[in-house]
Amino acid sequence: MVKLRETDVLVIGGGVNGAGIARDLAGRGLSVVLCEKDDLASATSAASTKLIHGGLRYLEYYEFGLVRDALKEREVLLRAAPHIIWPLTFVLPHHAKLRPWWLIRLGLFLYDHIGGRRTLPSSKGLDLAGTRFGQPLKNTFKRGFSYSDCWVEDTRLVVLAALDAAERGATILTRTECTHLAKRDKHDGWTATLHDHVSEENYKIHAKMVVNAAGPWVTKALDIVGHGGDTVVQKYKIRWVKGSHIIVPRLYQGDHAYILQNGDGRIVFAIPYEKKFTLVGTTDVEYHGDIDEVRISLEEVEYLCEAVSSWLRKPVKPEDVQWTYSGVRPLLDDGASDAKAVTRDYVLDIEEYKDAPILSVYGGKITTFRKLSEKAGDKVVERLGRGRGAWTADAVLPGAEASGMNFDTFVKTLRREFNWLPESLALRLAHAYGSRVRTILRGCKRMADMGEDFGDGIYEAEIRYLVSNEWAMTVDDIFWRRSKLGLHASDETQKRVGKFLRKLMAKPKVK
């Protein structure tokens with residue numbers, strides 16, 4: 001059982017906002033405990049379209065401030081983690097019956113300029129006929145545009161933020177649920193009851209302040225405060241909007257993505273994914289079900305297939321789908337009648353419960369997690385009256401410690417340093433771990449030193465690293481959240497890793 005008594009801040013929620021806030025606060029010199037009832041990035045943060053972007057379509061809803069802030073963050077995050085974030089070219093073919101050419105051109109002009117773009121290419125018009133961009137499309141689409149945003153390995157972004165928090169002194173507790181919050185007797189702050197879902201033990205900790213970053217569960221987290229009717233007054237409402245994606249065999253050659261307009265006013269992305277696949281998404285569906293059991297519906301699968309098939313020469317059918325994932329976005333309820341129009345902006349709200357402060361995070365998106373965390377950190381420092389100032393704007397995430405890290409140069413250096421590593425494995429490890437790959441490879445001078453070979457390019461050294469450094473406990477943690485190896489590894493490989501994990505987890509481990 002974890003023995004904890006006092007902390008400055010308890011953060012509830014291990015998604016991107018919770019991990020980001022824990023990182024921010026730990027870097028300000030505050031003591032921090034983060035608890036997550038499941039694994040890190042086990043809900044909404046794992047179900048994104050995996051883009052760091054301004055949100056081009058949000059301009060239609062006059063969300064200029066949100067787009068501007070997101071575009072500024074795009075540049076910050078690209079510098080902070082070039083091993084898991086990289087530029088991606090988007091092709092937007094023009095359909096005259098959906099949006100006029102001039103309107104798209106105006107939107108892209110704004111997109112190029114309102115966010116202080118520095119490193120990414122500007123947008124431009126394209127003649128698609130006879131080009132690699134036009135080849136996958138039906139020949140009726142002859143003109144279009146290109147612009148740039150960024151790709152992100154979303155679950156790894158969460159894990160790296162948590163890892164940075166831990167290395168700055170935060171305690172990260174996965175599979176640990178906060179089941180009750182009460183005003184601490186005769187002291188300022190809170191007494192929190194935590195339940196460890198692994199050991200099935202309960203224990204209490206004291207925190208001067210609580211940050212509620214529970215995502216879709218944000219209002220439910222407030223329900224555990226106090227007793228009976230003596231609870232926190234909830235000023236904001238959350239609207240659950242389900243976003244679903246499908247993964248299909250690769251639809252076209254090239255590293256570019258497509259942003260495709262749909263007749264209902266929405267857009268759908270088609271993005272190269274894990275080399276062999278194409279990711280298609282997303283939907284925007286009002287959700288009223290169990291947020292612990294979110295699944296794609298047949299209607300959503302058909303919608304995505306039809307949406308992309310209306311543009312491509314080769315139709316996509318439901319039977320082509322290899323994998324799906326869905327998540328619930330906890331959007332701030334702004335009264336919009338249509339789910340696709342609900343704001344992606346956020347609110348940070350501090351409530352006092354018998355003079356014990358709790359800061360709740362409503363809404364938000366993965367692109368703005370760092371800025372959201374910084375603003376939350378400012379509020380916490382102001383409320384507690386201690387802690388250093390903002391610091392993350394110029395900081396990098398674990399794996400990108402080399403100043404001005406150029407990923408291509410790093411890979412070349414890594415391959416020279418470990419020239420016995422197969423090229424494909426070296427590239428995969430470099431993308432996943434950046435400079436931290438040297439921790440995995442420490443003491444290894446040949447493949448045999450990597451330990452047990454589980455198959456499909458997965459070795460014991462990597463699994464041990466994930467367990468001892470990144471809170472991995474299960475096969476799903478490793479194959480779907482710390483990576484997307486589940487799309488590539490055989491069932492037999494996954495069974496071997498599972499067997500090894502059971503042996504490893506049965507032994508006492510020091511974190």
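The model is predicted, so local features need pLDDT of at least 70 and side-chain atom pairs count only at pLDDT 80 or more, while totals for chains, interfaces and linings use all residues. Residues are numbered from 1 along each chain as its sequence is written, and side-chain values use heavy atoms, with hydrogens and water left out.

Select Thr49 to begin, which is found in the loop between β2 (32-35) and β3 (51-52), where strands are DSSP runs of E with at least two residues, numbered from the N terminus. Thr49 counts as buried because its relative accessibility is 12%, buried being under 20% relative accessible area, exposed over 50% and partly exposed in between, with a 1.4 Å probe and protein chains only.

Not counting residues up to four places away in sequence, Thr44 touches Pro216, Val328, Arg329 and Pro330. If you then select Tyr62, 18 residues from Thr44 along the chain, the C-alpha atoms of the two are separated by 25 Å.

Finally, go to Leu106 in helix α3 (residues 101-113), helices being DSSP runs of H or I with at least four residues. Leu106 is partly exposed, with a relative accessible area of 42%.

Terms used
Contact = heavy atoms within 4.5 Å.
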